[in-house]
Amino acid sequence: MPKRHFLRGLRDGFPIGLGYFAVSFGLGISCRAANLTAFQGFLLSFLNNASAGEYGGITIIASDSGFLMAAMMLVVNARYMLMSCALSQHLSPDTPLIFRLIIGYDLTDELFGIAISQPGYLNVWYYIGAMCAAMPCWSAGTVIGVLLGNLMPVWAVSGFSVMLFGMFIAIIVPMGKRDRVVLGCIIVSFLLGWLASVLP
């Protein structure tokens, strides 16, 4: 029975892994720009499975801001605390602590989405299968981005460095088209972001 759930999770996690590979390739380019090695990029992606948090961390490393990284990572990744509370309600009460820790280690937006949509209690082997499909792609994409970033021309490196922002735009635009309230929130967020960049 665990094998069946694991394989189903692997199947559902594979498309997520392909998306992770593309986005983390852009993160690898950012790692290269911050003078991180391929191994350091791999380690960063393996230990931090959050695109916005990781990009913020790379930016802080590049600016040599050291201790600020921990505070920034906590703020940027705070949403995962809410997602883990919601997901814990979908775990059977007798789920062992080790499985809860494994799920907590790789709780991402996309894995949360497929996990929360499962009927009844979440089967932990399903989640672990999805993790096993997605996680290696995230780390491998970063490593390949660092390595190929050394071979690519400057104009291509600049283009790939904005890939993360493209991913977020691809997430919000369809929702903004369907819902005027979401569109209003997007516009206000963009305006506030722009104001924060120009006001003293």
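Which residues lie nearest the centre of the largest pocket? In this predicted model, they are Ile103, Gly104, Tyr105, Asp106 and Leu107, out of 16 residues that line the pocket. Two helices, α5 (79-88) and α6 (97-105), each bring at least two residues to that lining.

Searching the whole structure turns up 2 cavities of 30 Å³ or more. In the largest cavity, 14 residues form the lining, and Tyr20, Asn49, Thr108, Glu110 and Trp138 sit closest to the centre. Two or more lining residues come from each of α5, α7 (109-116) and α8, with α8 giving the most, at 3 residues.

Here is how the two spaces look by volume and residue class:

| Space | Volume | Lining by class |
|---|---|---|
| Largest pocket | about 290 Å³ | 8 nonpolar, 6 polar, 2 charged residues |
| Largest cavity | about 120 Å³ | 7 nonpolar, 3 polar, 4 charged residues |

Now for the helix packing. Helix α8 (residues 124-149) packs against helix α2 (residues 38-47) at an angle of about 155°, and their axes are 8 Å apart. The pair therefore counts as roughly antiparallel, since the angle is over 145 degrees. The crossing of α2 past α8 is right-handed.

On the α2 side, the contact uses Ala38, Gly41, Phe42, Ser45 and Phe46. Their partners in α8 are Met135, Trp138, Ser139, Thr142, Val143, Val146 and Leu147. By class, that makes 8 nonpolar and 4 polar residues, with no charged ones.

Key: Residues are numbered from 1 along each chain as its sequence is written. This is a predicted model: local features need pLDDT of at least 70, side-chain atom pairs count only at pLDDT 80 or more; totals for chains, interfaces and linings use all residues. Side-chain values use heavy atoms; hydrogens and water are left out. On a 1 Å grid over the protein atoms alone, a cavity is a set of points where a 1.4 Å probe fits but cannot get out, and a pocket is an open set with protein on both sides within 12 Å along at least five of seven lines; lining residues have an atom within 4 Å of a point. Grid points are joined across faces, edges and corners, and a volume is the space filled by probe spheres set on the points. Helices (H or I, at least four residues) and strands (E, at least two) are DSSP runs, numbered from the N terminus. Ala, Val, Leu, Ile, Met, Phe, Trp, Tyr, Cys and Pro count as nonpolar, Asp, Glu, Lys and Arg as charged, and the others, Gly among them, as polar. Axes are lines fitted to C-alpha atoms, for helices over the stretch in contact, and angles run from 0 to 180 degrees between N-to-C directions. Angles under 35 degrees count as roughly parallel, over 145 as roughly antiparallel, 65 to 115 as roughly perpendicular and the rest as oblique. A crossing is left-handed if the near helix is turned anticlockwise from the far one by less than a right angle, and right-handed if clockwise. Contact means heavy atoms within 4.5 Å.
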